[in-house]
Amino acid sequence: MKKFANILLVTLLVITVGLTFYAVFASPESKDAAISLNLIWGYALLAGAVVAALACATWGLLKSPAGLKGALLSLLLVVAVIAVSYFIASGNDFKIINLDTGGYFEHWETVLADASILVAYIAGAGAVLSAIYSEVANSLK
């Protein structure tokens with residue numbers, strides 16, 4: 001299984017490097033197609049990572065259901081952060097200029113963008129705080 005994972009990792013890395021070189025050295029006429037292909041590849045990698053993370057988490061919970069309480073609390077915390085970010089964002093009335101049409105984006109699009117930014121800020125702050133807590137806790141042992 002480890003050999004298969006290593007082969008898969010190298011294959012994905014070679015494809016990614018190849019697509020990156022294709023985008024960097026593409027002719028001006030094919031730049032848009034190269035960038036579009038790289039975006040599709042990035043989305044495919046992201047989807048694969050999400051599926052793999054969920055599958056591994058599910059497998060771990062099935063093997064050891066003792067961690068189910070912590071997993072459910074974590075899921076509840078994530079849903080709460082997303083909900084709070086959405087409600088904060090929906091209360092704002094931002095106007096974001098749409099350069100393609102010359103007008104403005106719809107309200108729901110600006111709410112989604114603002115909520116996503118808030119979730120990213122909260123996740124980043126949580127990561128920094130957990131790293132600080134981990135280092136302090138380890139140094140006090």
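Biologist: Which helix is included in what covers the buried residues of helix 4?
Modeller: This is a predicted model. In it, the buried residues of helix 4 are Thr110, Val111, Asp114 and Ala115. Their cover includes helix 3 (68-90).

Biologist: How far apart are the end C-alpha atoms of helix 4?
Modeller: Helix 4 covers residues 107-140, which is 34 residues. At 1.5 Å a residue, helix 4 should span 50 Å. The model agrees, with its end C-alpha atoms 49 Å apart.

Biologist: How many helices and strands does the chain have?
Modeller: From the N terminus on, the elements run α-α-α-α. The count is therefore 4 helices and 0 strands.

Biologist: What radius of gyration does the chain have?
Modeller: The C-alpha atoms fill a box of roughly 60 × 50 × 35 Å along the principal axes. A compact globule of 141 residues would have a radius of gyration near 14 Å. The chain has 21 Å.

Biologist: What share of the 141 residues is buried?
Modeller: Buried means under 20% relative accessible area. The accessible surface of the chain is about 11,300 Å², with 76% of it on carbon and sulfur atoms. Buried residues make up 9% of the chain.

Biologist: Is the pair of phenylalanine 21 and phenylalanine 25 stacked or edge-to-face?
Modeller: There are 2 aromatic pairs by the rule used. In this one, the rings are 5.8 Å centre to centre, with 10° between the planes. Planes under 30 degrees apart count as stacked, so the pair is stacked.

Biologist: And is the pair of tyrosine 86 and phenylalanine 87 stacked or edge-to-face?
Modeller: Here the centres are 5.8 Å apart and the planes make 70°. Angles over 60 count as edge-to-face. The pair of tyrosine 86 and phenylalanine 87 is therefore edge-to-face.

Biologist: Which residue's backbone oxygen lies 2.8 Å from a polar atom of the side chain of threonine 58?
Modeller: Threonine 58 sits in helix 2 (residues 31-63). Threonine 58 is partly exposed, with a relative accessible area of 44%. The backbone oxygen 2.8 Å from its side-chain polar atom belongs to leucine 54.

How values were computed. Residues are numbered from 1 along each chain as its sequence is written. This is a predicted model: local features need pLDDT of at least 70, side-chain atom pairs count only at pLDDT 80 or more; totals for chains, interfaces and linings use all residues. Side-chain values use heavy atoms; hydrogens and water are left out. Helices (H or I, at least four residues) and strands (E, at least two) are DSSP runs, numbered from the N terminus. The expected span of a helix is 1.5 Å times one less than its number of residues. Buried means under 20% relative accessible area, exposed over 50%, partly exposed in between (1.4 Å probe, protein chains only). Contact means heavy atoms within 4.5 Å. Rings of Phe, Tyr and Trp (its six-membered ring) pair if their centres lie within 6.5 Å; planes under 30 degrees apart count as stacked, over 60 as edge-to-face and the rest as tilted. A polar contact is a pair of N or O atoms within 3.5 Å; within protein, one must be able to donate a hydrogen and the other to accept it, and residues adjacent in sequence count only if both atoms are side-chain atoms. The radius of gyration is taken over C-alpha atoms; the globule rule is 2.2 Å times the number of residues to the power 0.38. Accessible areas come from the Shrake-Rupley method with a 1.4 Å probe; for residues, only the protein chains shown count as cover.
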